[in-house]
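Please read the following briefing alongside the sequence and the 3D structure.

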Amino acid sequence: MELANSERQKAGCAPLKVNEKLTQAAQAHSQDMAEHRNMSHTGSDGSSPGDRIEKAGYTWRTYGENVAYGYRTPESVMEGWMTSPGHKRNILNCAFKEIGVGLAQPGNYWTQDFGTAR
């Protein structure tokens with residue numbers, strides 16, 4: 001979260017706050033990707049990011065998700081996301097107020113779930 005907030009501060013966005021439900025959704029998705037060795041925004045059960053966030057109990061007004069595979073450190077995955085236009089757009093979306101992050105093994109499967117609650 002600190003790395004994302006550092007980038008957001010440079011762009012003039014308010015810092016994100018960690019949300020337990022978004023963290024739960026992100027961790028569960030990272031674990032699902034690791035278990036199935038498949039990096040995707042679609043879960044093995046066909047779920048979308050919005051489905052997973054709702055299942056974790058988060059009532060969203062808006063949400064976004066970043067996923068990645070293989071990066072060994074938080075710094076390296078953040079660098080990868082910041083060089084990808086879509087991922088960077090999520091990180092720097094000032095409409096997002098909260099974040100949850102997941103990491104699962106084997107393979108370093110990362111998920112960032114962003115949201116703003118209703």
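In α1, Leu 3, Ala 4 and Glu 7 meet Pro 74, Glu 75, Met 78 and Met 82 of α4, where contact means heavy atoms within 4.5 Å and helices are DSSP runs (H or I, at least four residues), as strands are (E, at least two), numbered from the N terminus. The residues of this contact divide into five nonpolar, no polar and two charged, with Ala, Val, Leu, Ile, Met, Phe, Trp, Tyr, Cys and Pro counted as nonpolar, Asp, Glu, Lys and Arg as charged, and the others, Gly among them, as polar. This is a predicted model, in which local features need pLDDT of at least 70 and side-chain atom pairs count only at pLDDT 80 or more, while totals for chains, interfaces and linings use all residues. Residues are numbered from 1 along each chain as its sequence is written, and side-chain values use heavy atoms, with hydrogens and water left out.

**Burial of α4**
- Val 77, Met 78, Gly 80, Trp 81 and Met 82 of α4 are buried, that is, under 20% relative accessible area with a 1.4 Å probe and protein chains only (exposed is over 50%, partly exposed in between).
- These buried residues of α4 pack against α1, β2 (60-69), α5 (85-91) and β4.
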